[in-house]
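Visitor: I would like to learn how to read the strands and the chain copies here. Please show me the structure first.

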Amino acid sequence: MSKTNAGNFFEDFQIGKVIEHATPRTVTEGDRAVYQSLYPTRFAVPSSAVFAAEVGLAPHPVEELIGFHIAFGKTVPDVSLNAVANLGYAELRFRRPVVPGDTLSTQSEVIGLKQNSNGKSGVVYVRSTATNQHDEIAIEWCRWVMVHKRDVDAPAPEAVVPSLKAALTVEDLLLPDGLDFTDYDFEAAGEPHRFGDYQVGEKIDHVDGVTLTDPEHMMATRLWQNTAKVHFNTEARPDGNRLIYGGHVISLARALSFNGLANAQLISAINAGSHVAPAFAGDTVYAWSEVLDKAETSAPGVGALRLRLVATKGRDTSMTLRNEEGKYADGVLLDLDYWALIPV
Amino acid sequence: MSKTNAGNFFEDFQIGKVIEHATPRTVTEGDRAVYQSLYPTRFAVPSSAVFAAEVGLAPHPVEELIGFHIAFGKTVPDVSLNAVANLGYAELRFRRPVVPGDTLSTQSEVIGLKQNSNGKSGVVYVRSTATNQHDEIAIEWCRWVMVHKRDVDAPAPEAVVPSLKAALTVEDLLLPDGLDFTDYDFEAAGEPHRFGDYQVGEKIDHVDGVTLTDPEHMMATRLWQNTAKVHFNTEARPDGNRLIYGGHVISLARALSFNGLANAQLISAINAGSHVAPAFAGDTVYAWSEVLDKAETSAPGVGALRLRLVATKGRDTSMTLRNEEGKYADGVLLDLDYWALIPV
Amino acid sequence: MSKTNAGNFFEDFQIGKVIEHATPRTVTEGDRAVYQSLYPTRFAVPSSAVFAAEVGLAPHPVEELIGFHIAFGKTVPDVSLNAVANLGYAELRFRRPVVPGDTLSTQSEVIGLKQNSNGKSGVVYVRSTATNQHDEIAIEWCRWVMVHKRDVDAPAPEAVVPSLKAALTVEDLLLPDGLDFTDYDFEAAGEPHRFGDYQVGEKIDHVDGVTLTDPEHMMATRLWQNTAKVHFNTEARPDGNRLIYGGHVISLARALSFNGLANAQLISAINAGSHVAPAFAGDTVYAWSEVLDKAETSAPGVGALRLRLVATKGRDTSMTLRNEEGKYADGVLLDLDYWALIPV
C-alpha cells in the first residue's frame with residue numbers, strides 16, 4: 001500500500017468531518033525578511049517594530065498575509081491536492097496578530113458538499129481556523145473548491161450549501177487588542193491620506209509594476225509549505241509552465257497598493273477573492289483599488305475601508321473590472337474584496 | 001606575492017595536519033526561513049518549535065542539513081578548491097542539534113593520502129568536526145577528494161588509506177539528549193506510518209518533482225559560504241552552465257522524501273553519499289527511497305531506519321538504482337545512505 | 001487628485017528643506033540570512049557573533065552595507081524617483097554598528113541646488129542621516145542627483161554647491177565603541193594579511209566572479225524597500241531589461257573582495273562612488289582593489305586602509321581603471337573609494 005499522500009477525493013469529505021492539517025509551523029523574523037525580499041511591501045506596521053508599538057501592537061506583528069499563506073498552505077495536501085478549481089473564499093477574518101515565535105496549526109471542518117451534475121466531481125466547502133500555540137484563533141475563513149471524485153459511480157451525498165456572507169460588515173471585524181491610531185505618524189507611514197480622504201467609488205491606480213520570475217514565486221510558495229505540484233514542476237502541465245500560486249499575486253498586489261493606500265495598514269478581513277486568470281513568469285503585474293465601503297470602528301482613531309484590489313497583467317489606467325458582456329476584462333488576474341484598517 | 005587563496009594542492013596535505021577552517025558562522029532563525037523558501041521541507045520538528053519541544057528538543061533545532069552545509073562549506077576553500085572530484089563521505093554523525101544562536105566552526109585533520117598512479121593528483125582523506133561556541137562537537141564526518149598536485153615531480157607521500165566503516169551501526173548513532181517520541185503526534189506530523197510500518201527492502205516513490213533554477217541553488221550555496229566558482233560563474237565551465245552544488249540536491253531530495261517518510265524526522269547519520277551525475281538548472285528532480293535496515297534505539301519511542309535516498313532527473317517509477325551492467329541507471333543524480341530517527 | 005506618489009521634481013527642493021523619509025524599518029536576523037544568500041560574503045565579524053564579541057562588538061552587528069542599503073532605499077521615493085542620474089556620494093560615515101532589533105529611520109536635508117543650463121533639470125544635493133530607535137545616528141552621507149523639473153519655465157533657484165570633502169581623513173572616521181583588534185584571530189578570519197602587509201599602490205585581483213540573475217537583484221533591492229521601477233519592471237525601459245540597483249554591485253564586489261582582503265573587516269566610511277556602467281542579468285561580475293592610503297587609528301590594534309574597490313564585467317587581470325583617454329576602461333561597472341578597518 002502506498003505510503004504517499006494521494007490527497008482526498010470528493011467521497012472522502014463528509015459534512016462535519018474535521019481535518020487536522022499537518023504540519024505546525026513556527027513564524028520567525030526570518031519569514032518577515034524573506035517576505036520583504038519577495039514583495040515590495042512598505043507598510044509601516046510590519047516594517048517597523050517601533051511604529052507598530054506606537055499604535056499598540058507589540059510584539060511586532062508580521063504582515064497578515066504571512067499568517068494567511070502559512071495557514072492556507074497547510075490545507076492544500078488535504079483539501080485541494082485533487083482540486084479542479086479553487087472556487088472562492090468568504091468570511092476570512094484576521095482575529096489576532098501573528099508575531100514571531102507563534103506556532104500556527106490549521107484545522108478544517110467540512111461545512112458543505114454538492115456533487116456536480118456530471119457526476120465526476122463535486123464542490124467541497126470547508127471552514128478553516130488557524131490557531132496559535134495558546135489555542136487562540138488567529139485566522140478563520142471559508143473556502144470552496146471543486147474536487148474530483150475517485151469513483152464516478154460513488155453515490156452523491158445529500159447536497160448541503162452553507163450560507164456564507166457576501167461580505168462581512170464592519171461589526172463583524174475583530175480588531176487587534178490595543179490598536180490605537182490616535183497618535184498615528186503619517187510622515188513615517190509615507191502618505192498623508194486618512195479615512196476621510198477616501199470616498200466610496202474612488203479608484204486608485206497604484207502605478208508600479210513588477211515582472212514575475214519563477215524562482216521568486218517558488219520561494220514564496222515553499223515558504224508557506226504549499227505543495228501543489230503545478231507551482232514547481234515544469235513537467236506537471238502540458239505547456240511546461242509553472243502556474244503561479246494565486247496567493248503570490250495577492251501579496252504582490254497588496255504590496256503595490258502601498259502607493260496610494262500607505263495608511264491602509266492592516267488587513268482585517270477578506271470578503272471574497274477570485275483568481276480570474278493564471279499568472280506566469282514574464283507577466284508584469286500592476287494593481288488598482290476601488291473603495292467599496294467605509295465605516296468607523298470601535299477602536300480609537302481606527303476606520304475601516306472596504307476595498308476591491310485588482311491585479312492586472314499589464315497596466316490598465318482605465319481601471320476596468322468588467323467588459324461590456326459583464327465578464328472580467330482582459331488582463332485582470334485577481335479580484336479581491338477586503339477590509340483594511342486606516343487612521344481616521 | 002598574491003594575497004588571494006589559491007587553495008591547497010596535494011603536496012600541501014600531510015598526515016596528521018590539522019586545518020582550522022574560516023570563518024565561524026552563527027546560525028539564526030533567518031537561516032531556517034531561507035531554507036524553507038528554497039526546499040519543500042515540511043518535517044514537523046524543524047517546522048514547529050512546539051512540536052520539537054514536545055519530543056524533547058528545545059530550543060528549536062534547525063534542519064540537520066543546515067548544520068551540515070554550513071560546516072561543509074567551510075572546508076571547501078582549504079580542502080576542495082583544487083579538487084578534481086569529491087569521491088565520498090563516510091561516518092557522518094549529527095552529534096547534537098544545532099539551534100539558532102549557535103556559532104559553528106569547522107576543523108579538519110588529514111587522515112589519509114594516496115597519490116594516483118598518473119602522478120598528477122592524489123586522494124586526500126580528512127576527518128572534519130564542526131563545533132559550537134561551547135566547544136561541543138555538533139557534526140563529524142570523513143570525506144575524501146581527489147586533488148591536483150601543484151608540481152607533478154613532487155615525490156609521492158607514503159600511502160595511508162584510513163579504515164572507514166561502510167556504514168555506521170545503530171550503536172554508533174548519538175541521539176540528541178532528551179529525545180522522546182513516546183507522545184509523538186502523528187496527525188500534526190502529517191502521516192500515520194511508524195517504525196513498524198516500514199520493511200527492509202521496501203521502496204517508496206516520493207511522487208513530487210521540482211524543476212531547478214539557477215538563482216535558487218546559488219542562494220542556497222552562498223548561504224553556506226561555499227565558494228566553489230563552478231556554482232556561480234558561467235565563465236568557469238566550457239559549457240557555460242552553473243554546476244549545482246551536490247548538497248542542493250541532497251536537501252531537495254530529503255525534502256521531497258517527506259511524502260512517504262514524514263515521520264523520519266531527524267537525520268542521525270550519513271553512511272555514504274555519491275553525487276552520481278551533475279545537475280543543472282532546468283532539470284526536474286524527483287526522489288525515491290529504499291529501506292536498507294532498521295533497528296530500535298535506546299531513546300524512548302525512537303527507532304532508526306537506514307535509508308537509501310535516490311534523487312533522479314525525471315521521475316523513475318520503477319525506482320531502478322543500477323542498470324544491467326551494474327552501473328547507476330540513467331537519470332540517477334544522488335545515492336545517499338543515511339540513518340533517520342522515527343517513532344516506533 | 002492623485003493619491004499616489006509622483007516623486008519630487010527639481011522645484012520641490014529648497015535649501016534647508018528637511019524630508020522625513022518613510023518608512024521606518026526594523027533590522028532582523030532575517031536580513032542577515034537573506035543577505036548571506038544573495039552575496040558571497042564571508043567576513044568574520046558579520047558572520048560570527050562569537051568573533052564579533054571577541055573584537056568588542058556585541059550584540060552582533062550586521063554587515064554595514066545592510067544598514068546603508070536600508071537607509072538609502074528610504075530616500076528613493078522622495079529624492080530620486082525622478083532622477084535622471086545618480087551623480088555621486090561623499091562623506092559617508094558608519095557611525096555606530098547596526099544590530100538586529102534596531103529600527104532605522106532616514107531624514108535628508110537639502111544642502112545644494114544647481115539648475116542645469118538646459119533649464120530642464122537640476123542637481124540636488126542632500127545630506128542624509130539614518131538614526132536608530134534611540135535617536136542615535138547610525139549612518140550619514142551626502143549624495144547628489146540630477147532631477148527633472150516639473151515645469152521647464154519655473155525660475156532657477158540661486159545656485160548653492162556645498163563644499164564636500166573629496167575624501168575623509170582617518171581623523172574623520174568614527175570607530176565603533178569598544179572595537180579592539182588586539183586579540184584578533186587571523187585563522188578564524190581566513191587570511192594572515194594584516195595592516196602592515198598592505199602597501200599604498202598595491203592592487204589585488206579578487207579572482208572570483210558571479211554571474212548576475214534577475215531574481216537575486218530584485219530580492220536584494222526589495223529587501224531595502226527601494227522602489228525604483230527600472231529594477232523590477234521589464235516594461236519600464238525600452239530595452240526590456242531590468243537595470244540592476246547599483247548597490248547590488250557594491251555588495252557583490254565587497255563580498256568578492258574577501259579573497260585578498262578578508263581582514264578588512266569593517267567598512268568605516270565611503271569617500272566616493274561611481275556607478276560607471278549599468279549591470280544586467282547575465283553579466284559576470286569580478287572585482288579588484290587598490291590600496292589608496294593607510295593610517296593607524298586610535299582604537300587598539302585597529303588600522304585603516306583606504307581602498308578603491310572596482311567591479312568589472314568580465315575579469316580584468318590587468319586591473320586597469322582608465323584607458324588612455326582617461327576615461328573608465330571598458331567593463332568597469334563600479335569605482336568605490338572607502339575606508340576599511342583592519343588589524344595592525
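Guide: Start with strand β2 (residues 83–94) of chain A, which pairs with β5(A) in the antiparallel sense over eight bridges. Strands are DSSP runs (E, at least two residues), numbered from the N terminus, and two strands pair if DSSP finds at least two bridges between them. In this pairing, A:Asn86 stands opposite A:Val145 in β5(A). This is a predicted model, where local features need pLDDT of at least 70, side-chain atom pairs count only at pLDDT 80 or more, and totals for chains, interfaces and linings use all residues. Residues are numbered from 1 along each chain as its sequence is written, and chains are lettered from A in the order in which they are written.

Visitor: Over how many bridges do β4 and β5 of chain A pair?

Guide: Strand β4 (residues 121–131) of chain A and β5(A) pair over 11 bridges, in the antiparallel sense. Here A:Val126 stands opposite A:Arg143 in β5(A). The hairpin of β4(A) and β5(A) has five residues between the strands, and A:Asp135 takes a positive phi near 60 degrees in it.

Visitor: Why is β5 of chain A largely enclosed by the rest of the structure?

Guide: Buried means under 20% relative accessible area (1.4 Å probe, protein chains only). Strand β5 (residues 137–148) of chain A is largely enclosed because nine of its 12 residues are buried.

Notes
Side-chain values use heavy atoms; hydrogens and water are left out. Buried means under 20% relative accessible area, exposed over 50%, partly exposed in between (1.4 Å probe, protein chains only). Helices (H or I, at least four residues) and strands (E, at least two) are DSSP runs, numbered from the N terminus.
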